[in-house]
Amino acid sequence: MKYISIVVPVYNEQDNVTVFYREVCKYMESTGYRFELIFVDDGSTDETVLVLQKLIQRDSRVRVILLARNFGHQLALSCGLEHAGGDAVITMDGDMQHPPAMLPLLIKKWEDGFEVVQTIRKDTQGVSWFKRFTSRMFYQIINAVSDINISEGGSDFRLLDRKAVDTFKNFKEKARFIRGIISAIGYRQTQIEFVAPQRFAGKSKFSFKKMMNFALDGITAYSRLPLRLALYFGGISGLLSLLLTIDVVYTKLFTADAVPGWATIAASVLLLGGLQLIGLGIIGEYIGRIFEEVKERPLYWVSDELKSNVDAGSKKV
Ligand code: UDP
Ligand code: MG
């Protein structure tokens with residue numbers, strides 16, 4: 001019989017995991033599928049691991065993988081996908097913002113023959129207009145400049161069929177933007193919309209700086225347009241300076257008013273200097289990423305995998 005893996009990256013979620021576990025079990029049991037619930041602890045510094053240890057003592061369907069340190073949400077997710085054995089794998093957040101009540105719906109779509117069931121966050125309760133605005137901007141920019149297409153509000157709450165998981169595992173890039181990879185792997189994909197509730201407990205781990213880095217990773221991983229833009233700007237300003245030079249030479253040779261010309265020179269030097277710096281910055285951004293990739297370091301490393309001593313089958317909470 002087919003079985004399903006649920007992968008959950010957790011980082012300092014001590015007050016969420018138990019409730020999350022209960023809800024997931026409730027909805028998964030209603031589907032009748034066998035399942036495993038894999039928590040990937042992303043180097044939590046609070047009591048998360050202790051709480052998880054209690055869970056595996058009671059329930060052999062729970063697996064806990066401890067990463068050696070904090071690697072970030074995307075790598076923790078990748079680790080979970082790597083370790084999952086199910087015929088379908090569902091990834092979701094452990095803070096209840098990805099409602100476990102939707103699990104049966106995702107599975108239904110999978111039974112209908114879809115290999116990627118992607119959820120789309122229509123709205124998040126209680127987030128600032130600033131986060132909403134920047135998130136919107138991000139999706140518009142990435143769709144405009146890259147050749148992948150990601151729906152606005154695309155989240156990392158999705159179901160992947162075994163085929164899609166195996167394809168995903170072949171993507172080795174370090175700066176990962178999983179939504180982009182999923183969009184690129186193809187297969188039969190479908191979408192479900194949902195409204196994300198507020199976190200059950202705790203704070204969001206994504207600061208503005210982390211969001212910016214994530215956005216830059218996404219854009220540079222899927223687009224060379226910024227590099228090309230630098231070239232275009234260079235071309236245009238080169239053309240303008242040529243016109244300017246012609247004008248200067250003409251004024252000098254054929255007219256009486258040979259201008260001192262200080263302003264023109266200063267302005268054009270500043271303009272060109274600015275454009276060159278932008279170009280260099282963009283190139284630097286890509287070279288930095290090449291540098292990270294060619295080092296070929298492991299994406300993450302696991303410090304331990306906690307095992308349950310409960311017999312399979314005899315689980316009750
Ligand atoms: N998370 C993680 N590693 C990190 C940051 C977050 O594993 O470095 C987990 C976190 O525990 C949660 C999920 O990723 O289960 C989403 O994080 P969060 O809720 O902070 O993001 P938001 O919902 O605010 O975008
Ligand atoms: Mg969250």
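## Close-up views of a predicted model

**Figure 1. Overall dimensions of the chain.** The chain has a radius of gyration of 26 Å, whereas a compact globule of 317 residues would have one near 20 Å; the radius is taken over C-alpha atoms, and the globule rule is 2.2 Å times the number of residues to the power 0.38. This is a predicted model, in which local features need pLDDT of at least 70 and side-chain atom pairs count only at pLDDT 80 or more, while totals for chains, interfaces and linings use all residues. Residues are numbered from 1 along each chain as its sequence is written, and chains are lettered from A and ligands numbered from 1 in the order in which they are written. Along its principal axes the C-alpha trace spans about 100 × 40 × 40 Å. The chain holds 10 helices and 8 strands, which are DSSP runs numbered from the N terminus (helices: H or I, at least four residues; strands: E, at least two). Of the 317 residues, 28% count as buried; a residue is buried if 20 or more other C-beta atoms lie within 10 Å of its own, exposed if 12 or fewer, and partly exposed in between, with C-beta atoms placed from the backbone. Among the contacts in the chain with a separation of 6 or more, 86% join residues 24 or more positions apart, a contact being a pair of residues whose C-beta atoms, placed from the backbone, lie within 7 Å.

Figure 2. The axes of helix H5 (residues 129–145) and H8 come within 9 Å and cross at roughly 10°, which makes H5 roughly parallel to H8. Axes are lines fitted to C-alpha atoms, for helices over the stretch in contact, and angles run from 0 to 180 degrees between N-to-C directions; those under 35 degrees count as roughly parallel, over 145 as roughly antiparallel, 65 to 115 as roughly perpendicular and the rest as oblique. Thr134, Phe138, Ile141, Ile142 and Val145 in H5 meet Met211, Ala215, Gly218, Ile219 and Tyr222 in H8, and the residues of this contact divide into 8 nonpolar, 2 polar and no charged. An α-helix has 3.6 residues a turn, so residues three or four places apart point the same way. Ser223 is found in the loop between helix H8 (208–222) and helix H9 (225–254), and, leaving aside neighbours within four places in sequence, Ser223 is in contact with Val145 and Ser146. Ser223 counts as partly exposed because 18 C-beta neighbours lie inside 10 Å.

**Figure 3. Helices H1 and H2.** Helix H1 (residues 17–31) and helix H2 (residues 48–58) have axes that come within 10 Å and cross at roughly 35°. Val17, Thr18 and Tyr21 in H1 meet Thr48, Val51, Leu52 and Leu55 in H2, a contact with 5 nonpolar, 2 polar and no charged residues.

**Figure 4. Helix H7 and the residues that follow.** Ile178, Arg179, Gly180, Ile182 and Ser183 are buried in helix H7 (residues 178–185), and the buried residues of H7 pack against H3, strand E5 (116–124), strand E6 (154–161) and H8. Just after H7, Gly186 takes a positive phi of about 80°. Tyr187 has a positive phi of about 70° although it is not a glycine, and lies in the loop between H7 and strand E7 (189–196). With 13 C-beta neighbours inside 10 Å, Tyr187 counts as partly exposed.

Figure 5. Glu296 has its place in the loop between helix H10 (262–294) and E8, and its phi is near 50°, a positive value in a residue other than glycine. Glu296 counts as exposed, because 8 C-beta neighbours lie inside 10 Å. Glu305 lies in strand E8 (residues 302–306) and also counts as exposed, with 11 C-beta neighbours inside 10 Å. Although Glu305 and Arg63 are 242 residues apart in sequence, their C-alpha atoms are 7.7 Å apart in space. Leaving aside neighbours within four places in sequence, Glu305 is in contact with Val64 and Ile65.

Definitions and conventions:
Contact = placed C-beta atoms within 7 Å. Nonpolar A, V, L, I, M, F, W, Y, C, P; charged D, E, K, R; others polar.
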